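Dear colleague,

Please find below the structure I am handing over to you, followed by a summary of what was found in it.

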Amino acid sequence: MRIHLCVTIGAPADDVWHAVEDIATHPRWMTDAESITFVTDQRAGVGTEFDCLTRVGPLRTVDRMRVTEWEPGAVMGIEHHGMVTGRGRFT
């Protein structure tokens, strides 16, 4: 199954990218992400891995995520493993 979501954000692209590239802050703006725990010393770039406590309605799961693409200001690719498995991209 493929899901495509598009959101228009009323802010400069550099400001938006600054928020997206700071993975530790994703739970502040991703309503389904409750917390992030890094499992690598790396906090940015390809190869960064983290566990994300995810909540969807009453369901909670901890899924492992890995950054697969990293082009500052352009794209961050994420591979998601756990109850929910797949790939996503912030562009």
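Cys-6 is exposed in this predicted model, as its relative accessible area is 66%. Cys-52, by contrast, has a relative accessibility of 4% and counts as buried, because the cut-off for buried is under 20%. The structure contains zero disulfides.

Cys-52 also belongs to the largest nonpolar core, which has 13 residues. Together with Ile-23, Ile-36, Phe-50, Val-67, Met-76 and Ile-78, Cys-52 is among the members that touch the most others. At least two residues of this core come from each of H1, strand E1 (33-38), strand E2 (49-56), strand E3 (59-71) and strand E4 (75-81).

Beyond its neighbours within four places in sequence, Val-67 contacts the core members Ile-23, Phe-50, Met-76 and Ile-78.

With a relative accessible area of 75%, Leu-5 is exposed. Met-1, Ile-3 and Leu-5 make a nonpolar surface patch of about 490 Å².

Finally, Trp-29 is part of helix H2 (residues 26-29). Its relative accessible area is 37%, so Trp-29 is classed as partly exposed. Apart from neighbours within four places in sequence, Trp-29 is in contact with Ala-19, Val-20 and Phe-90. Trp-29 and Ala-19 are 10 residues apart along the chain, and 9.1 Å separates their C-alpha atoms.

Yours sincerely

Notes:
Residues numbered from 1 in each chain as written. Predicted model: local features only at pLDDT ≥ 70, side-chain atom pairs only at ≥ 80, totals over all residues. Heavy atoms only, no water. Patch = residues over 30% accessible without salt bridge, like charges linked within 9 Å, V, L, I, M, F, W, Y side chains within 5 Å. Areas by Shrake-Rupley, 256 points an atom, 1.4 Å probe, with all protein chains shown as cover. Salt bridge = Lys/Arg side-chain N within 4 Å of Asp/Glu carboxyl O. Buried < 20%, exposed > 50% of the residue type's maximum accessible area, 1.4 Å probe, protein only. Disulfide = S-S within 2.5 Å. Core = buried A, V, L, I, M, F, W, Y, C linked by side-chain atoms within 4.5 Å. Helix = DSSP H or I, 4+ residues; strand = E, 2+ residues; numbered from the N terminus. Contact = heavy atoms within 4.5 Å.
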